[in-house]
Amino acid sequence: MELSVDRLTKQYGRKIAVDCVSMVLKPGVYGLLGENGAGKTTLMRMLCAILESTAGEVFLDGREITSMGADYRDLLGYLPQDFGYYPNYTAKEFLLYMAALKGIPRSMAGKRTKELLEVVGLEEAASKKVKTFSGGMKQRVGIAQALLNQPKILILDEPTAGLDPKERVRFRNLISDYAADRIVILSTHIVSDIEAIADEVLLMKKGKLVSQGTVSELTKQAEGRVWELTVTPEEAKIWQEKAAVANLRHEGEQVVLRILSDNKPAEEAVSCGATLEDLYLYSMHE
Amino acid sequence: MELFKLEHKKLWRKNSTRICVLLCLLYCVGLGSFLVYQWMTYGSIKEKLSGHNFDGYENIRNCQEYSRKYAVLTDETLQEWVRDFKDLYAQLDEDRKTLGFENIETVHKIGNSDMHTVNGWLRTLYPELERSDMLGITVMSDYVETEKLTGLYERRKKAVDTFLTVSGQTGAERDYLLQINEKVQEPFSWKWTEGWSNILGNTVSGLGAVMALFLAVTLSALFAGEWHDNTSPLLLTTKNGWRRLAAAKIQTGIAFTLELFTMIAVGTVVLQLVFLGTEGWDMPIQMVKMIAIAPMNMLQAEIYEFAFTLLGALGYAGIVMLFSALSKNHVLALLMSLAAAYGPMAIHNRVPVFMEKIFDLLPLVGSGADVFRTNTFHLFGRYIWSPYLLIWAPCLIGVLCLFPAVRGWARRMRV
């Protein structure tokens, strides 16, 4: 299975939300990183065929996805960023409703719903109305509905938003197991989630795909550009204005800055190992 | 089918739906039927005429008992009724003179005598006997010369004829209406009529106006509510997508309308059976309005009015679903739906006749009580008695609304 994106573009008036993005996605987990307004959601909506592109096309195994209609939607699982739900439905009823929409036979829908409620840790809240759920619980219902039809292509827009650390770990494990022979695309601002589960990272900036590669490949791009510098609090303020500071840590009277820079920012600066977050911040700072 | 069941469940899960149904039942069955039967309309008159007692059930039986003895409407029974009435009125005058006040028992007997209906007949059939100097002073049956009340059915034919002439219905139209009238069977059986008069003139024909409000509130969110719930991205990415969901929503809208109607109709009919029983079901509707031309009995007319309300409600549901599908805001859909029903209702009697006739075709705007009228539509060179068309046209309008509703929703869903 191969999802190819060919020069996909979306323009709203003068604003280009997605600018000529091309990529080929094979089974695995793809982490989509980018700041707010980078075009991640727009790209995902076009991949789901619910938003028409201004130019470019998306092909699944050589077939253009919009022409596939229900066949494509049958392969798709989608969790939108602002996940809408029916407040008066219970979690179980909501999943049964979504199962009916996804064309899952009634006999299977009940079983699948039960399984997924267990998987996302909502089995005890299955009969409670969704409107009474916390943000994290609602998000878990959203994840469950996306998985209902065991989709070959799973697109998750900020799936870990609102999840507590324990739930994030549960989610990461779930997706890792799930993605064996499927394409999973997820966007998040939480770089550690991507670092933990993504086979490949797609870095977007101002509608463009600026980097693509495995976590280690991308991390290498930041190698030699990450520095630690110990300064006084007054000096820290100056450094924050003139350099890309990825992190700031107080150690007694001193402040340890993590600076992203092509060159050694100061004589006392010490080079240190790069992370995906460093690359992300470095790319966004440029 | 599964999707329909779940969509239907979703509609009923909403608090607004439950509240609407409850209020609708309270209004139509509780207020519009129970209190009307037991108190507001059929309760016996209180002393000093200061309202009604809460004794409608017993009072209705007294009314029915009073009219039962006449059995069939003939010149003789009409004269007998007028004589009885005059005796009661004389008794009332006597009480006033001897006791200094009206005896409440006599007042009750007069109230139970079907006097409003019979005086209506007298005014329609014997207009020359009505005295202009007595208007507003007393009822016609108090002073009319009993022996002059003859030739009732000939007079009825003449009254229909005169009414058609006055209404400008001539030539083929008049022949067509008179042809319908010829099927009215005479003589008329006579039981207490005021109960049926109220059922056919107010209770059933008024249900539509109430249903419109509650259907609009409930169904306006059927499609538009998806925007409020922000579920369109989910719906669009499912295999069945919007297409089957739209079909499920339309089925739900129709099912809800049927359910609401059934609840109201069953409630109304049960209370009717409890309070009025079945007596008089076979009376011709001419007993309520002498110049009606429809060859129908009370039961047939009631079935017609219920069918008219049901088909009108289904048609209106179609309109509400259209607005709901075309609007992203369910409040706007609600306002447009209400305007579609109550707008024409409000100006119905203030527009030219041809506009009024067009408005009558709109769902829940016309009245099932048109079964008492002599209106026609002139279509394709033929005259059609208006109730024949009025009963189907609203439903057809609703059905026609469903196609643009689905197409419109599909277009708006693509964001």
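**View 1. Confidence along chain A.** Chain A has a mean pLDDT of 92, and 100% of its residues reach 70 or more. The model is predicted: local features need pLDDT of at least 70, side-chain atom pairs count only at pLDDT 80 or more, and totals for chains, interfaces and linings use all residues. Residues are numbered from 1 along each chain as its sequence is written, while chains are lettered from A and ligands numbered from 1 in the order in which they are written.

**View 2. Chain A against chain B.** The contact takes 23 residues from chain A and 20 residues from chain B; two residues are in contact if their C-beta atoms, placed from the backbone, lie within 7 Å. On the side of chain A that touches chain B, helix 3 (70-74), strand 6 (76-79) and helix 4 (91-101) of chain A are the elements that give two or more residues. Helix 4 of chain A supplies the largest share, 5 residues. By class, this side of chain A has 15 nonpolar, 3 polar and 5 charged residues. Ala, Val, Leu, Ile, Met, Phe, Trp, Tyr, Cys and Pro count as nonpolar, Asp, Glu, Lys and Arg as charged, and the others, Gly among them, as polar.

**View 3. The two domains of chain A.** Domain 1 (3-215) and domain 2 (221-285) are given by the domain assignment of chain A, whose bounds come from an automatic or database assignment. Their C-alpha centres lie 34 Å apart. The contact between them takes 11 residues from domain 1 of chain A and 6 residues from domain 2 of chain A. On the domain 1 side, helix 8 (191-197), strand 9 and strand 10 of chain A are the elements that give two or more residues. The residues of that side divide into 7 nonpolar, 1 polar and 3 charged.

View 4. Most residues other than glycine have a negative phi, and most peptide bonds are trans. Lys206(A), not a glycine, has a positive phi of about 50 degrees and sits in the loop between strand 9 (200-205) and strand 10 (208-213) of chain A. Asp114(B), also not a glycine, has a positive phi of about 65 degrees; its loop joins helix 5 (104-111) and helix 6 (115-125) of chain B. A residue is buried if 20 or more other C-beta atoms lie within 10 Å of its own, exposed if 12 or fewer, and partly exposed in between, with C-beta atoms placed from the backbone. Lys206(A) is partly exposed because 15 other C-beta atoms lie within 10 Å, and Asp114(B) counts as buried because it has 25 C-beta neighbours inside 10 Å.

View 5. The peptide bond from Glu186(B) to Pro187(B) is cis, with omega near -5 degrees. Pro187(B) lies in the loop between helix 9 (171-182) and strand 2 (188-190) of chain B.

**View 6. Surroundings of Gly43(B).** Gly43(B) is found in the loop between helix 2 (15-40) and helix 3 (56-68) of chain B. Gly43(B) is buried, with 21 other C-beta atoms within 10 Å. Not counting residues up to four places away in sequence, Gly43(B) touches residues including His52(B), Phe54(B) and Asn59(B).

Conventions. Helices (H or I, at least four residues) and strands (E, at least two) are DSSP runs, numbered from the N terminus. pLDDT is the predictor's confidence in each residue, from 0 to 100.
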